[in-house]
Amino acid sequence: MADNNKNPHDCPDTGHEWDGIRELTNPPPRWWTIALYLSGLLVLVYFILYPSLPLVTGNTKGVLGWTQINEYKEDMEKIEAKRAPFEDRIEAMSAAEVLEDDELLRYAVGSSKVLYGDNCAACHGVGGYPQPGSGYPILADDDWLYGGTVEKIIETLAKGRQGMMPAHAELLSEAEVDELVQFVVNNSNGEATEAQWKLYNEKGCVACHGADAKGIQQLGSANLADKVWRFSGEPDEIRHTILHGVNAANDPQTRIAVMPAWNEKLAVRLEAEEYGDDPEEYYEGDETERLSETEIKKLAIYVHQLGGGE
Amino acid sequence: MSEQLKSAEPNINDIYDEVSDWHVNAGGSKVVAKRMSGRFRRLKWFGMSVWLIFFIGPYLRWDGKQAILFDIPNRQFNFLDITIFPQDIWMLSLTLLFFAILLAAVTSIAGRVFCGYFCFQTVWTDVFTFIETRLEGDTPQKAMKFKNAPLSVSKISRITLKHTLWLAIALLTGVTFAAWFTDAYQLWHDFFTLQASLAAWIVLGMFTVGTYVFAGFMREQVCFWLCPYARLQGVMYDQDTVLPAYDAERGEPRGKLKKGAVDSSKGSCIDCKVCVAVCPTGIDIRKGQQEGCITCGMCIDACDSIMDKTNQPRGLIRYASYKDLHHNAAPAALYKRPRVLIYSFILMIALSGVGYGFATLSTTEFQVIHNRQPVFVQLSDGSIQNRYTLKMLNKTHEAMEVKYAISGLDGATLHGIDESVIIEPGKVIPLQALVRIPDDKLNTELEHLTFIANVVSKPDISVQYESIFMGPK
């Protein structure tokens, strides 16, 4: 600056002097002053454009009307707009048709990951593998209690499932229970004896688990002839299941196996369509819809591919 | 000196007198450098012309596409036939390392060559001041006279012309910069039809204003107060570094001409201050090396012309090292200077790294991720299943059809991706794959297997990725 003199001999001062040290009145550089005023101006502009003053009934809104939540919503709209073409197609197509469309399948699987994490992973685990011993079915294997076609999975999701097996503590003798436990263990390896099969048939296990002990998907009964265990393959755990059953009333030690219904309305409609009836006659008006039909469809596709599908 | 010794209590104010002409120009007064021709002026024009590449580069075409394109939206860098994806970005790091060290190496040998001849700040400022001196006078006196002259049509039209030219250059700079990142011809079209993207307008605006302000008004102030390199240079110099320097032993004591001839009782310097007048940053080289010196050599040209006129040998101001000036010693050979050797070593490493990168630039990038949630699953027939995510990136310019296979694990079979997959150029398609193996074939809990991706249309492209297969203990 022309008026910025480093030599204090001929520099104006305020007249203040302490021990020979004078307080000079050198101004700061002009560019610095301009920058200071400009930044002040910026604050003022910002103050007018954006929400600023907190008042008793709320804050001033600013000329731009900007809010954080609106910015978030705008961003979400952009994402939705990108997804829309895929979502629309998935909505219009059946799950089986989506499975045939590579691009759409990739989209459905990719975008369902969050949906699965939010709604399913709590029980079934990330990747369809629940905590061992938790008693929730594994989704990542090829064993399907109620059927593994994508239509069956949609049905399972929509109406939910409840396992059922009576408690046998009072129906069987200890020796019979021991023998049946051995049967289940052996049969998993295909080594059950004649006598064991006889007991299995006599005691009525066959009614639910089927003549070949492979389970009946209409009932959701477990397959006793494969290597996948519904609860556990340990003899003590098998004994527990036989003694206390699944969802057995009046047995506090019974195993719990409950899957909630995620869209009752869809479940009702599917049932009506199965019988060729008008769904409107079936609705009772209080059906819940925790997930939309499209979400169920996408989740079914996601679960379907977890174990390689059926 | 002797006077000071006599005085028992030296007057502290003498310090101020000593530095009374110490002058810091923080932008208050404009440096108007006199323009003189000479060797270094020619060299400067030469160095500046390197920037023509910047202006021409975006318009070069190669195979119908822009030859050099930093395609940020598509995350790739196109250079002639080569496309570099973010996966190969380490090559960019090495390239940047190369130039950073090159800067250090050159500085340690010959000072701020970059500042004096190549730096955009120097180059644009030189062009801007060239225009200004042509219109408003090429010496501080003429410039002052022009500034103080009453308003006239001539003065107003000259000032208007100056700013118009400045803005035109600034605009061209802005457009050119933006053109490196998008199709150059389309960009011009978009700017003229006002259809360019917001990003393009912002880049144009920033570079136009930046160029106009930095080269037009801030000039040497940028070198003084903004540029970190100007402040780093000190640690890159050593006693062998050659720099434009004033030979004080020969020049001092300086004295004005007496009766039109050099005063024989004084040194060579006739104190004409032409070296100061030509300096683009307004420093006095005779005060020694200082942070304002961008080593452009204009003062050498100026002093040589004066030496010629006064019949003295050239080189009172010359490129010289500290050793040369103070010990009359020749600078050490380059290979004897550790600094130069270390810099060269790093340069070689960076260069060979980039060379290796280019030589082994692959057409694909294949990765297999073994899923860990769960690590394995037992299926109903007892076999063990592992799940993988296969990611294949197509770095060619054509779509490729890929078929996957596995090898290296007896009895293992691949499921879930039976058909071949089409991958578009520059795209990655992640696929879920399942590998199953009967449990009696699995010997340990951890096995190795190799995934193979075969490009159907180009049998010579076959990439592998070694992964693991896990089972129960």
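Q: How many C-beta neighbours inside 10 Å does Asp271(B) have, and does Asp271(B) count as buried, partly exposed or exposed?

A: Asp271(B) has 14 C-beta neighbours inside 10 Å and therefore counts as partly exposed. A residue is buried if 20 or more other C-beta atoms lie within 10 Å of its own, exposed if 12 or fewer, and partly exposed in between, with C-beta atoms placed from the backbone. This is a predicted model, in which local features need pLDDT of at least 70 and side-chain atom pairs count only at pLDDT 80 or more, while totals for chains, interfaces and linings use all residues. Residues are numbered from 1 along each chain as its sequence is written, and chains are lettered from A and ligands numbered from 1 in the order in which they are written.

Q: Where is Asp271(B) found, and which residues is Asp271(B) in contact with, leaving aside neighbours within four places in sequence?

A: Asp271(B) is in the loop between helix 14 (248-251) and helix 15 (274-277) of chain B. Helices (H or I, at least four residues) and strands (E, at least two) are DSSP runs, numbered from the N terminus. Two residues are in contact if their C-beta atoms, placed from the backbone, lie within 7 Å. With neighbours within four places in sequence left aside, Asp271(B) contacts Arg254(B), Gly255(B) and Lys256(B). Lys256(B) is 15 residues from Asp271(B) along the chain, and their C-alpha atoms are separated by 5.7 Å.

Q: How is the packing of two helices described?

A: By the angle between their axes and the distance between the axes. Axes are lines fitted to C-alpha atoms, for helices over the stretch in contact, and angles run from 0 to 180 degrees between N-to-C directions. In chain B, helix 9 (residues 153-179) and helix 11 (residues 198-218) pack at about 140 degrees with their axes 8 Å apart. Helix 9 of chain B and helix 11 of chain B are therefore oblique to each other. Angles under 35 degrees count as roughly parallel, over 145 as roughly antiparallel, 65 to 115 as roughly perpendicular and the rest as oblique.

Q: Which residues make that contact, and what is its make-up by class?

A: Helix 9 of chain B contributes residues including Trp166(B), Leu167(B), Ala170(B) and Phe177(B), and helix 11 of chain B contributes residues including Val203(B), Phe207(B) and Tyr212(B). By class, the contact has 13 nonpolar, 5 polar and no charged residues. Here Ala, Val, Leu, Ile, Met, Phe, Trp, Tyr, Cys and Pro count as nonpolar, Asp, Glu, Lys and Arg as charged, and the others, Gly among them, as polar.

Q: How do helix 3 and helix 16 of chain B cross?

A: The axes of helix 3 (residues 39-48) and helix 16 (residues 298-309) of chain B come within 7 Å and cross at roughly 155 degrees. That makes helix 3 of chain B roughly antiparallel to helix 16 of chain B. Arg39(B), Phe40(B) and Arg41(B) of helix 3 meet Met298(B), Ile300(B) and Asp301(B) of helix 16. This contact has 3 nonpolar, no polar and 3 charged residues.

Q: How many residues does the largest nonpolar core have?

A: A nonpolar core is a set of buried Ala, Val, Leu, Ile, Met, Phe, Trp, Tyr and Cys residues joined through C-beta atoms within 7 Å. The largest has 52 residues, and those with the most contacts inside it include Ile154(A), Leu157(A) and Ile296(A). Its largest share, 7 residues, comes from helix 13 (residues 293-306) of chain A. A second, separate core of 38 residues includes Ala33(B), Cys115(B), Trp124(B) and Cys293(B).
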